[in-house]
Amino acid sequence: MIQVDGFTLLGLYEQMAVIRGTEKAAHDLFLAGLVKGTTHLAAGHEAVAVGASAALEPDDYVFATYRGHHHAMARGASPAECLAELMSKATGVCKAKGGSMHLTKASAGMLGSYAIVGAHLPIAAGAAWSAQLRGTSQVAVAFFGDGATNIGAFHEALNLASVWSLPVLFICENNLYMEYTPIASVTAADHPAADRAAGYRLPAEVIDGNDVVAVADAVSRAAARARAGDGPTVLEAETYRHFGHSRTDPASYRPEGELEEWLSRDPLDIARARLTELGVPEAEIEAAAQRAADTVASAVAEAKAADSADPAEALTDLWADGGHQWRT
Amino acid sequence: MADLITYRDAVAEGLAREMRRDPSVVCLGEDIGAAGGVFKTTVGLFAEFGPERVRDTPISEQAIVGMAMGAAMTGIRPVAEIMFSDFLACCWDYLANEIPKMRYMTGGQVTVPLVVRTANGGGLGFGAQHSQSVENWALAVPGLKIAAPSNPADVIGLLASAVRSDDPVVFFEHKGLFASRGETAPAGHLVPLGQAAIARPGTDVTVVALAATVPIALAAAAELESTGVKAEVIDLRCLVPLDMATVLESVGRTSRLLIVEENPYQGGWGGTVASIVADEGFELLDAPIRRVAAACVPLPFADALEDEVIPTTEKVVAALRTLLAY
């Protein structure tokens, strides 16, 4: 097991607290009419993003889904630029052209949030192929939901990544539900990602996706394997979303007691327990929680104060020359 | 006389020139390696550049185009082959939702410099699922550049521009032209994307064509010459960027426009060309704009039936006669 010291873990805890606070803020801003469209909040999934990020290098590539706020922030997008994106502000991380489902921070190796289920697994494999061709030690990581395991692109990506021994990690965030339907009711496998790996000669592990240390440990081993030229790994992180699928989903399909059971294994609480075990004083943990709350509060204020997106921007950025001209 | 080369050999030649020039150019697709491609359009590449840069893939169109996209986003210039253009439907998500939207929806953070090559079009009796002209599918998607050469030199010149483009390019090679011959291209030949060619100058009527309809339009123009008609044939070469300046300038001289396209009339690219001329060139016209396009049915198998559906020289001659008599 990876050794995470108290100081490092306190930093991871603070990152998770910032993500949790930002997701709650996004929820509140939506209810206040300041966020339009929809959101797919990742509250409950923080340990997957933060644990994985802790195990990756700055020049590695990350590809996420429409439930991707946590990955964008874990890789270095600021809460302010993420909230500004949701609030249609000019300072949004994608200039308010992407929105909640497409948060991207290319300069931090966060190469996109994709809202067509499963589409980004081949794309991540392609980035890994690029690293292999260029002879770098970079790895690419595709985070995806349990629902993506039944789409063709998942299977095409796992097969070819295995055959070409690509440095790519396939990390499933299994939160038990696709949108509203339980994954178990429509899938011929107990572990929808991990059980399929053997069919592609890939190693797989089912891990506790709510334990940031367990995630960091598994990802760091899988990344080392990929960097050594030994190919992809499938990780299935078991976790749970605290909100419904999207903004309009009250998640009334959940059986009684299920949410409470998962809340009792909240990734923030698990990290706190580990911090206490490591002898980190309660006051330091509280101070980290307070710093996280302050970060979120100032991000909300900054995003609110930012200028709205400039309508002229609607016709930029299509082509590499920055414009949108399609004819003479 | 300059050296002649087939259209199919021009594809391999164009790819080889770019791969020699730029080590980041790699090819991937089904049977493109030692087999040289089912249409023999990649012959010699595997021997010259090896299996690292000329990669055989499984029959996994989503993986082919999806991986090309990921590689293009991270410093490689991939050229992906989709064997028959009909199969683009198997990976259409990447061409409709992923590749063309990436740069825009990230606010310009990510560019996707790749080429998707594909064998397009009918006339060879391959039946409904291996014969369709689908260049209009790509035209329906903002964010894709579209090239469709009609002759070997343009294959080489447009392929060079496509590979060097920082924007994604869908490159339609016409199956019916693979065996045709033409002059090869000099070293360093580049045809800029979005620059139409006047394939035959004329004064009486403008015929706008693309890929395999260019030789059809040229044959029709030659046939009408004996009756004293001078038809101008424009080879669009690209649909995006669309060189409407050349079309409008020509219509300004001829005052009549016929569009010859192999994709179906229903949703075909000629509708876009016609709408722009109607909008911006209405006063240049002395007759209605006419289109010879494929009938709105799937491509049938038998030659006699296929000829009923796609443009032929006879149909173009008939349409020109009607248009000139207006």
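Biologist: What covers the buried residues of H3(B)?
Modeller: The cover includes helix H5 (120-134) and helix H6 (152-163) of chain A. From chain B it includes strand S2 (25-29), strand S4 (77-84), helix H4 (92-105) and strand S5 (115-120). Helices (H or I, at least four residues) and strands (E, at least two) are DSSP runs, numbered from the N terminus. Buried means 20 or more other C-beta atoms within 10 Å of a residue's own; 12 or fewer is exposed, in between is partly exposed, and C-beta atoms are placed from the backbone.

Biologist: Before we go on, what are the ground rules?
Modeller: It's a predicted model, so local features need pLDDT of at least 70 and side-chain atom pairs count only at pLDDT 80 or more, while totals for chains, interfaces and linings use all residues. Residues are numbered from 1 along each chain as its sequence is written, and chains are lettered from A and ligands numbered from 1 in the order in which they are written.

Biologist: Back to H3(B), how many of its residues are buried?
Modeller: 12 of the 12, so H3(B) is largely enclosed by the rest of the structure. Among them are B:Glu61, B:Ile64 and B:Met67.

Biologist: What about the whole of chain B, how many helices and strands?
Modeller: Chain B has 11 helices and 14 strands. Its radius of gyration is 19 Å, close to the 20 Å from the globule rule for 326 residues, so chain B is as compact as a globular protein of that length. That radius is taken over C-alpha atoms, and the rule is 2.2 Å times the number of residues to the power 0.38. Buried residues make up 60% of the chain.

Biologist: Which domains does chain B have?
Modeller: Domain 1 (4-183) and domain 2 (197-325), with bounds from an automatic or database domain assignment. Their C-alpha centres lie 26 Å apart. Where they touch, domain 1 of chain B gives 26 residues and domain 2 of chain B gives 24; contact means C-beta atoms, placed from the backbone, within 7 Å.

Biologist: New topic: in the largest nonpolar core, which residues touch the most other members?
Modeller: A:Ala124, A:Val141 and A:Val168, out of 217 residues. Both domains of chain B give residues to this core, so it lies between them. A nonpolar core is a set of buried Ala, Val, Leu, Ile, Met, Phe, Trp, Tyr and Cys residues joined through C-beta atoms within 7 Å.

Biologist: And what is A:Val168 in contact with?
Modeller: Leaving aside neighbours within four places in sequence, its contacts include A:Ala124, A:Val139 and A:Pro232.

Technical notes. Two residues are in contact if their C-beta atoms, placed from the backbone, lie within 7 Å.
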